[in-house]
Amino acid sequence: MSIKEELISKGYKAYENDEIIVFWKPDLCVHATECVRGNNGVFNPTRRPWVDLSQGEANEIARIIDKCPSGALKYELK
């Protein structure tokens, strides 16, 4: 089973482009806003979908997700 399949089976939603897959599990989110403060173009909770990977570089997005204290956000670089 791939990382993507495993996380989706655990309730994570996936947002994907050619460079990165971002996974988000709403139930785990503690709204620390590290993601929004990191790049509110990529992570904007007032927009649907709230994750727009076209607004940032994959490595920047990964660094932001590494600061997520709850584990609600995860990623896989392609």
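How many residues lie between β1 and β2 in the hairpin that they form? The points below start from there.

1. The model is predicted, so local features need pLDDT of at least 70 and side-chain atom pairs count only at pLDDT 80 or more, while totals for chains, interfaces and linings use all residues. Residues are numbered from 1 along each chain as its sequence is written, and side-chain values use heavy atoms, with hydrogens and water left out.

2. The hairpin of β1 and β2 has 3 residues between its strands. Strands here are DSSP runs (E, at least two residues), as helices are (H or I, at least four), and both are numbered from the N terminus. Strand β1 covers residues 13–16 and is joined to β2 by 4 bridges, the two running antiparallel. Within this pairing, E16 stands opposite I21 of β2. Two strands count as paired if DSSP finds at least two bridges between them.

3. Strand β2 also pairs with β3 (residues 73–77), again antiparallel, through 5 bridges. I20 has L77 as its bridge partner in β3, and F23 has K74.

4. Together the strands make an open sheet of 3 strands in the order β1-β2-β3, with antiparallel pairing. β1 and β3 are at the edges with a single partner strand each, so one side of each has no neighbour in the sheet. On average, neighbouring strands are turned by 20° against each other, direction ignored.

5. Helix α3 (residues 58–65) packs on this sheet and touches β2 and β3; contact means heavy atoms within 4.5 Å. The direction of α3 makes about 145° with that of β3. Axes are lines fitted to C-alpha atoms, for helices over the stretch in contact, and angles run from 0 to 180 degrees between N-to-C directions.

6. Is strand β2 buried or exposed? 5 of its 5 residues (20–24) are buried, so β2 is largely enclosed by the rest of the structure. Buried means under 20% relative accessible area, exposed over 50%, and partly exposed in between (1.4 Å probe, protein chains only). In a regular strand, side chains alternate between the two faces of the sheet. Here both faces are covered: I20, V22 and W24 are buried on one side, I21 and F23 on the other.
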